[in-house]
Amino acid sequence: MTFSLTLTPADLLLMLPELFLTLWLCVILTIDFSLPRFPKRNLAYLSVLGLAVVLANLIWFDRAGMTGTLFNHMFVVDRMAIFFKIFIVVTTILVILASIDYVKRFKFFKGEYYFLVLMSALGMMFMASANDLLSIFITLEFSTFGFYVLVAYLRDDPASNEAGLKFFILGVFAAGLLAYGISLVYGETGKLVLSDIAAAPATPGLIIGYLLIFAALGFKIGAAPFHSWIPDTYHGAPTPVTAFLSIAPKGAAFAILLRLFFISLAAFKPAWVLLLVLASILSMTYGNIVAIAQKNIKRLLAYSGIAQIGNVLIGLAAGTKMGGDAILFYLLTYLFANLGAFAIVIAVGNLINSDEIEDYNGLNRRSPFLAFAMLVFLLSLAGVPPLAGFIGKLYIFIAAIKEGLYVLLIVGLINVVISMYYYLVVVKKMYINEPVDNSPLTVSAPMQAVIYASLAGTLALGIYPQPIIDWVVSATMMFSHIVAPATAVAPSTALPFGG
Amino acid sequence: MYDWLIIAIPVFPLVAVLLNGLLGSRYSHDIAGRIACSSVGLSFAAALVVFADQLQTGGVREVIAYRWIFGGDLNINLAFLIDPLSCIMLLVVTGVGFLIHLYSVGYMHGEEGFTRFFTYMNLFMVSMLLLVMGNNYVVLFIGWEGVGLCSYLLIGYYYDKVSAAKAATKAFVVNRIGDAGFLLAIFLVFYNFGTLDYTQVFAHAGQLSPKMATAIALCLLVGAIGKSAQLPLYTWLPDAMEGPTPVSALIHAATMVTAGVYMIARNHTIYDLSPAAMTTVAVVGGTTALFAATIGLVQTDIKRVLAYSTVSQLGYMFLGCGIGAYTAAIFHLMTHAFFKALLFLSAGSVIHALGGEQDIRKMGGLSKKIPWTHAVFLIGTLAIAGIFPLAGFWSKDEIMAHAFVHHHYVLYGMAAIGALLTSFYMFRLTYLTFYGRPRMDHHRAEHVHESPMIMIGPLVVLAGLSVIGGFPGVPPEDGWFHHFLHPSVAAGAAEAHGVGLGLVVGLMGVATVIALAGWGVAHYLYSARPEAADQLAARAPAVYTTLLNKYYVDELYDRLFVEPTKKLGQAWDWFDRTIIDGLVRGVGEMTEGGAWLSTWIEKHVIYAGLNVIGYANHLTARAWRKLQSGMVHHYAAIIVAGLFILVHLVVVWWTTGLSGFGVALK
């Protein structure tokens with residue numbers, strides 16, 4: 001492979017958001033250590049400002065239809081990459097705003113917190129653009145390094161330390177799997193760019209290589225059976241980090257999964273549908289059933305997140321452009337509902353210093369705003385119309401039924417019923433149980449902004465989703481080549497019901 | 001007529017929701033109540049205009065509010081369908097809803113959270129209107145879930161009642177079971193037709209294979225059973241009586257619970273294609289009608305008797321749908337909305353008068369003290385029992401006559417016995433509440449008072465409707481009601497009309513005798529010889545206890561479904577925690593674990609990776625053995641195990657030529 005590094009300014013324009021963010025996080029770090037008196041709270045606002053500029057830049061790219069590749073196709077900018085970058089940047093902005101009160105708990109390195117969050121965001125933005133196996137590995141690791149530190153940020157808290165170590169060891173393990181898988185795929189095909197390896201014929205080595213890569217990415221998104229790190233890590237990590245970890249890396253990993261499955265593996269679709277169906281069923285069922293037994297809200301949301309990812313995998317299993325649309329849309333609904341729910345967990349945690357579900361008793365009387373917002377977010381996660389989560393589930397299930405995935409659909413629907421139960425348990429505690437302490441709770445301004453933004457997103461995506469649907473449909477246009485399953489599987493007319 | 005007027009029907013209460021929900025705390029309860037009532041009043045007025053227009057022009061009218069979900073092949077508008085069926089539903093929902101709102105102003109006066117109550121009630125109206133007006137399955141489903149959510153919020157309205165909270169959760173979860181079936185039906189419809197609009201689906205319904213029609217119809221039925229509280233998903237409705245009484249009247253008697261009947265009538269084109277599904281509907285309805293009536297015989301809570309009666313009456317409507325008498329089912333839906341709302345509201349008036357007492361064993365002798373309530377309750381009882389010529393007589397008799405004429409003798413028998421029991425338990429309720437010796441304590445007896453005018457007014461109107469509500473359907477099978485509804489629910493095969501007048505009158509006579517017989521037995525047991533009832537209960541204690549405990553169905557469901565799921569969750573949770581508890585013991589071990597892990601990876605993962613298949617069993621076994629003690633590497637072990645299972649699966653699958661069990665899963 002010849003490797004030329006001739007870059008023109010026009011090429012670099014494609015990386016403008018990343019380059020700007022790199023510059024900005026250096027600025028943040030420099031201000032932090034050179035101006036010790038500079039209030040840390042303002043560092044947060046400065047970070048948000050930088051991210052807002054990046055967001056504006058990305059929206060401009062999207063409107064202008066900016067596309068292209070860099071570094072021998074390692075780095076790609078297309079509408080899907082821009083979608084995921086916007087997804088990541090929005091998540092990061094909301095997470096930083098939700099962190100401001102929480103950061104006061106840290107004894108040291110308050111400024112570096114924002115730096116690390118921005119750095120992880122940067123890594124994930126690169127993930128969204130990763131277009132060959134090497135850049136997948138590098139960007140994935142890059143984005144994870146920040147998290148290794150962030151998860152263990154509460155230095156005095158053994159749970160946080162444990163969570164950090166656990167996450168680190170398992171993360172390294174997953175990285176090993178990924179590297180090994182990549183080496184196998186490269187060994188079999190001699191190619192690295194995702195679209196190039198699509199042409200390779202299936203060999204056992206290639207299949208095992210792909211499975212290893214899938215396992216590593218499954219680890220990243222927390223799909224069963226690669227989910228085992230999730231509950232403890234989510235539980236032990238500082239709550240804003242948990243919120244960040246539960247949304248942004250999953251989105252970024254789905255950018256890679258979509259490219260991998262829909263571009264490199266498009267021809268093998270009949271072979272991987274079953275794999276994804278199984279992973280999806282396992283994630284949904286396991287996540288939802290174990291969530292019932294949880295006493296801690298962070299663990300509950302951890303298991304609920306596993307189940308939600310099971311739902312997203314339905315779209316991947318459908319393996320069509322519509323499935324891709326549905327994944328993008330679903331991730332957005334998940335972003336607002338899950339982030340909103342975590343924002344409330346952070347707010348409540350800051351105020352009463354507890355994450356136990358018991359302590360949500362009577363929240364409605366202490367803060368009707370928090371209780372109502374939580375109700376909306378949980379109902380959206382449960383898929384109750386007309387909230388965002390309903391449209392997401394409807395979209396993804398419709399994509400699945402078009403491919404005739406009946407079993408998956410039925411299991412999914414049963415899981416919707418199960419999930420309703422544990423979300424309602426929280427609602428019941430908030431609205432019906434008596435509070436131990438009746439003092440009203442007040443929410444700080446940045447936290448209110450996060451909650452209002454999440455509420456607005458959750459309601460708007462449910463009541464008037466059309467602009468966003470148009471956006472995701474155009475963002476996945478490159479997958480329009482994937483059509484109904486090839487002849488290898490039963491034609492969709494031969495169905496159990498004889499339809 | 002203007003499209004905006006149709007769109008405005010659900011928008012009026014929506015505006016009230018936003019006003020009261022967002023600003024309600026800034027003004028008095030009085031104003032909140034007025035906003036709530038007038039919004040529903042406006043909807044009712046608009047519905048009347050729409051109805052008048054429908055009478056003149058006829059036909060089907062579709063109004064698109066806005067483009068909602070347009071992505072790829074999925075095209076869904078937020079749009080409304082106005083035809084005779086939705087007109088009738090609109091009038092019932094807004095009309096009865098308006099009366100109940102008025103009544104609630106009096107009933108809820110001075111309660112904590114008065115504004116919140118009306119916000120939920122109006123939100124309910126919005127959802128219910130979407131449900132009956134939607135022109136596609138998704139709008140129907142939004143309304144369907146929305147009414148369920150409002151029902152949840154309103155059942156749990158009394159925060160301080162633990163039983164209310166449990167009942168609310170139960171109602172929602174049981175409804176979600178039905179909804180899963182409904183959603184599956186929606187997806188099957190989409191799969192077969194590529195659209196979810198009623199008009200297009202029904203226009204092409206003929207192309208469905210009989211099996212697929214049956215599958216869709218049965219899935220829809222599961223949804224209908226959940227929402228309309230039929231066997232086996234009826235258990236939530238009696239518990240739902242924990243909510244305020246106007247809620248029971250509006251949601252759990254007159255409107256929401258009839259949504260299942262509406263849905264089946266709306267989808268009659270699909271049901272007509274599947275005799276098997278029709279039979280199932282009829283059997284479910286007939287069985288429920290009889291089953292719920294038997295439980296109603298012995299209940300002692302005034303609202304629970306009415307709740308079981310509602311379940312039973314809904315059974316009649318299902319029975320009607322199942323034998324193809326859609327018009328009769330909708331007719332019964334309408335008359336039932338009148339007299340059951342009347343009964344619940346007057347029961348509320350009784351409870352109000354007694355300061356919250358609901359146990360009929362502690363009532364009695366109230367007829368003189370609350371004469372208005374007594375009069376309207378009696379009218380309601382006569383109507384539901386099927387006494388000529390009140391509303392319930394015509395509609396119930398039509399369903400039963402249809403069953404008899406079309407040779408469904410078993411179903412007719414069930415319905416007839418059910419009617420006898422209905423008449424009996426309703427008169428039992430009346431006797432125990434209003435006649436005989438007062439059994440309440442002295443303190444309560446002194447404070448018995450008639451309800452205020454704002455509550456009596458709606459009761460009188462509903463009583464009037466319960467008396468005359470049956471006449472639009474006279475003569476049976478050929479009344480004004482039938483002609484009006486004919487375009488919406490006409491069956492594919494024309495309904496048989498060649499029934500002799502003698503048979504019709506004969507069946508009416510039988511129905512009247514049945515109703516009078518129930519009254520007579522109740523009179524004998526609870527008025528003429530009050531001690532006979534207890535003797536009867538004592539003579540068959542097993543039957544009595546079984547009925548009193550509602551056939552132990554709740555306990556059975558707990559054992560079969562609720563507990564095992566919880567146990568499984570706890571077991572898996574334990575598994576998750578136990579595997580990792582080594583970590584809690586100390587971070588010191590971690591380094592060791594990490595070092596061990598890297599050797600372990602080197603030795604086994606990489607090596608095994610090269611010889612995957614051969615080493616799979618060995619490694620899996622090792623990994624599982626290590627699961628017992630609990631360290632971080634066990635996480636890794638789980639991942640490796642998962643990976644190996646996947647490798648096994650895919651390699652097996654791949655070697656069998658990419659077919660194998662893949663197809664079986666689809």
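Contact here means heavy atoms within 4.5 Å.

**Basis of the model**

This is a predicted model: local features need pLDDT of at least 70, side-chain atom pairs count only at pLDDT 80 or more, and totals for chains, interfaces and linings use all residues. Side-chain values use heavy atoms, with hydrogens and water left out.

**A:Lys85**

A:Lys85 lies in helix α4 (residues 79–103) of chain A; helices are DSSP runs of H or I, at least four residues, and strands are runs of E, at least two, numbered from the N terminus. A:Lys85 is buried, at 2% relative accessible area, where buried means under 20% (1.4 Å probe, protein chains only).

Beyond neighbours within four places in sequence, A:Lys85 is in contact with A:Glu18, A:Leu58, A:Phe75, A:Val77, A:Met125, A:Ala128 and A:Ser129. With A:Ser129, the contact is polar and joins the two side chains at 2.8 Å. A polar contact is a pair of N or O atoms within 3.5 Å; within protein, one must be able to donate a hydrogen and the other to accept it, and residues adjacent in sequence count only if both atoms are side-chain atoms.

Sequence neighbours within four places aside, the contacts of A:Ile451 include A:Ala343, A:Ile344 and A:Phe369.

**Chain B**

Chain B has 29 helices and two strands. Of its 666 residues, 61% count as buried.

Note on methods. Residues numbered from 1 in each chain as written. Chains lettered and ligands numbered in written order. Buried < 20%, exposed > 50% of the residue type's maximum accessible area, 1.4 Å probe, protein only.
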